Amino acid sequence: MMSTSLRQLATPVLALALACGSAEDGPPDPAELGAERPAPETVRDGPPTALWETVDALRESASAHYDVSDGGGRAWLVRGPDQKPYAVSNTPDRFEIFYEVGPHGIAPGGMVYFQVSPFWEWTTPQVLGPDQRGYTEVTAESPEIELHAETLDRQLLGIEVTGRALVEGDRIRIVYGAGMAGAMPDRYAERDSAFWIAVDGDGDGTRRFLVDSPTIDVRPGPAAGLVIQVPTLVRPGERFAVTLAVIDAWRNTGLEIEADVELEAPPELGLPDSVHFAPEDGGRQRVHGVAEKAGTYRLVARASGREVQSNPMVVSAEGPRVLWGDLHGHSNYSDGTGVPEDYFVYARDVSGLDVAALTDHDHWGILPLVDHPALWQGIQEQTRAFHEPGRFVTLLGFEWTSWIHGHRHVLYFGDEGPLVDSVAPETDSPQALWSALEGQSALTFAHHSAGGPIATNWEVPPDPHFEPITEIVSIHGSSEAADSPNPIYDPVPDHFVRDVLGRGYRLGFIGSGDRHDGHPGAYQVDPPQGGLAAILSEERTREGVLDALRARRVYATNGPRMLMRFALGGHGMGSEISVAAEGKDGELAGPLFVQVIAQEPLHRIELIRSGAVVDGVLTEGRLEVTLHREIDGLRPGESLYVRAVQEDDGTGWTSPIFLTE
Ligand SMILES: [Zn+2]
Ligand SMILES: [Zn+2]
């Protein structure tokens, strides 16, 4: 019979948890990965924030010995004549899967594992409650075969071979959702959601996944919401695009609907009054207008009694252009939802982003990228295919998922780049990562630096060439400071970005989604739980984006597309100002300019000088605020930045201005 020890033996690949977590499921516990391992007896070198148990578990998994029978055989899904070839988000269904044993057989005591996606509400398969959701029937065709099935973990069913050995051609039939209640698929629509089959053929506790485990597409549910996005800054006389989308209750796209969406906009913008959606549009449309007259515009989209307002669009010849980017998110190539192609479609055609990077984990997922070069190849191909300079900039990237020094993102500004392994001892430090990137057009940034799944080891100074920016906010919350709205969970003292500026590090600020639901850039539906990067670049190209990131001409928000301007004298956000060159008697004084045009009413605007909030203005629900201040006594080593907080806690953070010698 199956025992606890069997489960322990299966540790090299335990049930997967989201490495980056999610707001909906609460903080993940990455330490669980190695929870059954004894604690190391000696104190290890490295930062106190390191999670050695996880590192050890991943290393053990990477060096596991596999029997020739592990991962053998094939599996497929059969849909009945009364069933659609796809499943529907959040709608119970029944799935019949066959597994056929491979040439090396399965010994008595060997195991077959059935695992549905660990994410987003797939029901855990269970064999005890026929009336309950997820009830699973496991049978063999041949009467001499004895099997014992048992739920081992969330979303994981183990099937032990308890009688005679299985030989090539023996079949196991798994009916998942066999009872009246069925089994619930993913709430997030995605292509190629896998029913993972893994085989431990010799019963030693080490299993291997079938790379071509069966998959099913999960389609969206009925229409339940609207999204409208406009550019933040448009020049007078310029043609601009309005991105419109009809989404379902879980903000999925891909709806095959016939609908007319009413568009309310001032006539001088030259937009149509109504936009028609045909089924083949997948619920996504794009229309164009021309901004003739300077001003701030907010458009309204309406359909079936629903109404939604766009972000503000400022038509002005002044100020830098703002590109919106989400530079950090995941697909089912690691621990997220959907395929890379769908990720980029959502970013471009639902969220109306200008810039997107898909950054799957090097080491975290059923099939780790580092062990499956075809997946990394696929990400490179899709990133290249979606890159359209002037309209939509895609960046190749991955998450260097170090459980020693904290997670870092690598972005490449060309079509190809190496995947650097965060677990291999030769590249497990930030310095080794930066060395591996020598000669590449690349940059890196740390994320959820103050806590969350793992805090950043800030004892290692960010490389001045490769790391000009940091992610201060994402779905995990804010790593800016403990007093910011929605601060990160499990904060580590002195690890907030505000503390880090005190170390003299000169970092610009971005926000990222770190979304695992296949919805990069989604905001209108869930403030203030997101993250976006505002990139100040006139050119919508990889070169323009790289220049802006290197110069820290960026600001961060937790989702709202607000316009933020901030300058000291003539120097904009991200600048370094030499006190010796521009000040007097070792000090500098000058006029500060702050402008915020928010998406929702503003609650307050604060100036943070060298680690402390020194000035705060309550803004009484205004949408637009301009402030002028005189500041003096600035000395080398100081920094200044602005935080703008909406009444709904939607927040923007400018990059700092740095005072140097
Ligand atoms: Zn992460
Ligand atoms: Zn992530």
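How many Å separate the centres of domain 2 and domain 3, taken over C-alpha atoms? The figure is 28 Å, in a model that is predicted.

Start by colouring the chain by domain. Domain 1 covers 68–219, domain 2 covers 223–315, domain 3 covers 322–561 and domain 4 covers 562–661.

Next, select domain 2 together with domain 3. Where they meet, 13 residues of domain 2 are in contact with 11 residues of domain 3. On the domain 2 side, β12 and β14 are the elements that give two or more residues. The residues of that side comprise five nonpolar, six polar and two charged.

Now select the strands β12, β14 and β17. They form an open sheet in the order β12-β14-β17, with antiparallel pairing. β12 (223–229) and β17 (284–291) are the edge strands; each has a single partner strand, so one side of each lacks a neighbour in the sheet. On average, neighbouring strands here are turned by 20 degrees against each other, direction ignored.

Stay with β14, residues 238–248, which pairs with β17 in the antiparallel sense over eight bridges. To see one position in this pairing, pick A245: R284 in β17 stands opposite.

Then turn to the nonpolar residues. The largest nonpolar core has 128 residues, and A534, I535, V554, V596 and A644 have the most contacts inside it. β14 supplies the largest share of this core, six residues.

Select V596. Leaving aside residues up to four places away in sequence, V596 touches M562, M564, L602, I605, V625, A644 and G652.

Finally, select Y99, M111, M184 and I197. These belong to a second, separate core of 40 residues.

Terms used
Residues numbered from 1 in each chain as written. Chains lettered and ligands numbered in written order. Predicted model: local features only at pLDDT ≥ 70, side-chain atom pairs only at ≥ 80, totals over all residues. Pairing = 2+ DSSP bridges. Helix = DSSP H or I, 4+ residues; strand = E, 2+ residues; numbered from the N terminus. Axes fitted to C-alpha atoms, helices over the stretch in contact; angles between N-to-C directions. Core = buried A, V, L, I, M, F, W, Y, C linked by C-beta atoms within 7 Å. Buried ≥ 20, exposed ≤ 12 C-beta atoms within 10 Å, placed from the backbone. Contact = placed C-beta atoms within 7 Å. Domains from an automatic or database assignment. Nonpolar A, V, L, I, M, F, W, Y, C, P; charged D, E, K, R; others polar.
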